[in-house]
Amino acid sequence: MARAHVEQIHRDDVPWEPLRAEGWPAGLEAKTLSRDPATGDLTAILRLPPGWYRPAGHSPTGIELFVLEGTLTVGAARRGYGYYEWAPAGAPQEEWRAGDQGCEVIVFASAGRPDFVPGAALGAAPGAADGRIEIDSTRLDWAHTVIPGPPPGMFIKLLRYVESSGEGLFLASTVPHYDYPKIEYHDCVEEAYMVDGDIRLGNSGLMSKGRYFWRPPYVSHGPFFSTDGMLALITIDSPLINHFVDDPRRSVEENRAEALAQGKPTDYLGGLAQ
Ligand SMILES: [Fe+2]
């Protein structure tokens, strides 16, 4: 079982509720954007009230977060909008304290229910490399996308990439008045949260700030037009290539048969990670 196809919901349409995971201190509220009921893996916006505190500890599954609003002090470092962190399963995580105005983050837990265990981390020796990634994404340079298909005017900031699977998370942006008059599909799951701006997806409406989708492989989508430019967080679970179709009514089954006949997709994102 996997997550259900979510094709565009707005965060305002999702209620605040307790986070569907164990071990997190009380006071936290979550908007669950998508979730696999069998494994508990999920994507959610978390609202941490002012001063909310989480002690050091670890998560038995990998978890990544991106700060959307407010400040979050992680260990001794005060983090704000655009801070990205990946904590692999079992890696030590420092204490968290939300700022005076509270903090809002989006978390992606793609390998199971993101429980939290306070106290010592699993098997991590002091000072050992733990595989954590911490990036202030606002200080990264934009790169031209390396994935063939889109016309010039689309840029990405790669935040995480896994060579063995091709999975990754990146920020994508377009210039205003960006016109990508094609209908595409991919072999991978594609998930997106619109941080700012807009992009119109011809067959599924306007993706405006705060909108979200979780789209299974082989679903046709497009064409695309952005009026004000866009800034989106995108995850993929395996290499992404753009297959193009002329007919928006092409079914998932037709797309899958066509893609599989073409063999293994090229892992273009890996080129950017070099
Ligand atoms: Fe796409």
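Which domains does the domain assignment of the protein chain give? I looked this up first. The assignment gives domain 1 (6-138) and domain 2 (140-273); such bounds come from an automatic or database domain assignment.

Note on the source. This is a predicted model, in which local features need pLDDT of at least 70, side-chain atom pairs count only at pLDDT 80 or more, and totals for chains, interfaces and linings use all residues. Residues are numbered from 1 along each chain as its sequence is written.

Overall form. I find two helices and 22 strands in the protein chain (DSSP runs numbered from the N terminus, helices being H or I of at least four residues and strands E of at least two). The radius of gyration is 19 Å, close to the 19 Å that the globule rule gives for 274 residues, so the chain is as compact as a globular protein of that length. That radius is taken over C-alpha atoms, and the rule is 2.2 Å times the number of residues to the power 0.38. I read spans of about 55 × 35 × 35 Å for the C-alpha trace along its principal axes.

Burial. Of the 274 residues, 37% are buried (20 or more other C-beta atoms within 10 Å of the residue's own, with C-beta atoms placed from the backbone).

Domain contact. The C-alpha centres of domain 1 and domain 2 are 25 Å apart. I count 21 residues of domain 1 in contact with 21 residues of domain 2 (contact: C-beta atoms, placed from the backbone, within 7 Å). On the side of domain 1 that touches domain 2, strand E1 (6-10) gives the largest share, five residues. That side divides into 11 nonpolar, six polar and four charged residues; Ala, Val, Leu, Ile, Met, Phe, Trp, Tyr, Cys and Pro count as nonpolar, Asp, Glu, Lys and Arg as charged, and the others, Gly among them, as polar.

Core. The largest nonpolar core has 52 residues, and those touching the most other members are Ala 44, Leu 46, Phe 66, Val 105, Ile 106, Val 107 and Leu 233. A nonpolar core is a set of buried Ala, Val, Leu, Ile, Met, Phe, Trp, Tyr and Cys residues joined through C-beta atoms within 7 Å. Strand E9 (residues 96-109) supplies the largest share of this core, eight residues.

I then checked Leu 233. Leaving aside neighbours within four places in sequence, Leu 233 is in contact with Phe 66, Ile 106, Leu 169, Leu 171, Ala 192, Tyr 193 and Val 195. Apart from this core I note another, of seven residues, including Ile 147 and Cys 188.

Terms used
Buried ≥ 20, exposed ≤ 12 C-beta atoms within 10 Å, placed from the backbone. Contact = placed C-beta atoms within 7 Å.
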